[in-house]
Amino acid sequence: MIYFKFPFDERLLSADEKNTKNAVTFFSYNSLHQISFNGDIFEIDPSEFTHTSITSETLNDDPTNSSAETKEEYSKTLQQVIEVIKENKLPKLVYSRRKIFTDFNTINYRESFNNLCKSYPNAFRYLFNDGQNAWMGAFSEVLGKFNKTTHKFETMALAGTLPVSEEWSEKEIEEQKPVTTYIQDILKNYSDDVEQSETYDHISGNIKHLRTDFKTNIKAEDLDKLIQDLHPTPAVCGIPKDFCNESIRKYEKFPREFYAGYIKVETEESILYFVNLRCARLYKDSVHVFVGGGITAQSNPEKEWRETELKSEAILKNLVVS
């Protein structure tokens, strides 16, 4: 079972599972695992969805026996990460944690998904359960969008996070710059003509990011290789990629699973790739919310903790709990 909505599109969609064509595929952060929903994409009648029961009671028990990091544990590890960044003169390293929510009897996931869709109209929004894995998320970063007819490819550099009301500081501005450079350098390997926009504010619910857009034309046969080169971007990993991935495995308490991976959706006209942030793994008795942030030499553990708490609200504030 999968339900999803495209950014700025309120049609509720699913895959009919009537053929073997991959409609929607979720790729794990390390690209080693994937979950596919096959068939043609079709629109679901909203009134039909209203009578669909999707609750936490239908999900699997949480087998992990995990406890989330405390603020003290997070701050202590983050200080070590900052030292690694300084010692190795890294522009950025992304460090994440899980927030585990268990204070409920039942969660109505149909209504929770409806809330998520209303809160984030500019995001790719989804809810799925394949029998073993259940996830829900909403995020607006596009890893890639390819037009099958024109061969136009679009992507974006999205980094830096603040509450909407706050002003950008040097930390966020410096965090976004290497993401932009990284994407520009990769695209130049596939095209001699890359359009780059000015950097501007990208609003996502109660927070904002710095965003730069890119457009170019590529060969259709290069698309998969380009996506593999782009993922994971510095926005979810850091720079340099291999060293930062090593550090992520060393310092993060949990495997990322499908968090910070990407979602591929193929329509008649386009192939779209969305970064899977602001997401949670769902169990009968718990919700594992994944949150992270771009860490630089200028990062402050207290401020980074507040940023991850703010990001966790994307899921938690939309849950319909009893």
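Start by selecting T77, Q80, V81 and V84 in α2, which meet F243, S247 and Y251 in α6. Contact here means heavy atoms within 4.5 Å, and helices (H or I, at least four residues) and strands (E, at least two) are DSSP runs, numbered from the N terminus. By class, this contact has four nonpolar, three polar and no charged residues. (Ala, Val, Leu, Ile, Met, Phe, Trp, Tyr, Cys and Pro count as nonpolar, Asp, Glu, Lys and Arg as charged, and the others, Gly among them, as polar.)

A quick note on what you have open: it is a predicted model, where local features need pLDDT of at least 70, side-chain atom pairs count only at pLDDT 80 or more, and totals for chains, interfaces and linings use all residues. Residues are numbered from 1 along each chain as its sequence is written, and side-chain values use heavy atoms, with hydrogens and water left out.

Now show all of α2 (residues 71–87) and α6 (residues 241–251): their axes come within 11 Å and cross at roughly 160 degrees. Axes are lines fitted to C-alpha atoms, for helices over the stretch in contact, and angles run from 0 to 180 degrees between N-to-C directions. The two helices are therefore roughly antiparallel, the word for angles over 145 degrees.

Pick I239 and P240, joined by a cis peptide bond with omega about -5 degrees; P240 is in the loop between β15 and α6. Then go to H231 and P232, where the peptide bond is also cis, with omega near -10 degrees. You'll find P232 in the loop between α5 (223–230) and β15 (238–239).

The structure holds four cavities of 30 Å³ or more. On a 1 Å grid over the protein atoms alone, a cavity is a set of points where a 1.4 Å probe fits but cannot get out, and lining residues have an atom within 4 Å of a point. Grid points are joined across faces, edges and corners, and a volume is the space filled by probe spheres set on the points.

The largest cavity has about 190 Å³ of space. Select T161, A235, L277, R278 and K311, the closest to its centre among the 22 lining residues. β11 gives the most to this lining, with four residues.

Last stop: the second largest cavity, about 50 Å³. Its lining includes S96, R97, R98 and F290.

How values were computed:
On a 1 Å grid over the protein atoms alone, a cavity is a set of points where a 1.4 Å probe fits but cannot get out, and a pocket is an open set with protein on both sides within 12 Å along at least five of seven lines; lining residues have an atom within 4 Å of a point. Angles under 35 degrees count as roughly parallel, over 145 as roughly antiparallel, 65 to 115 as roughly perpendicular and the rest as oblique.
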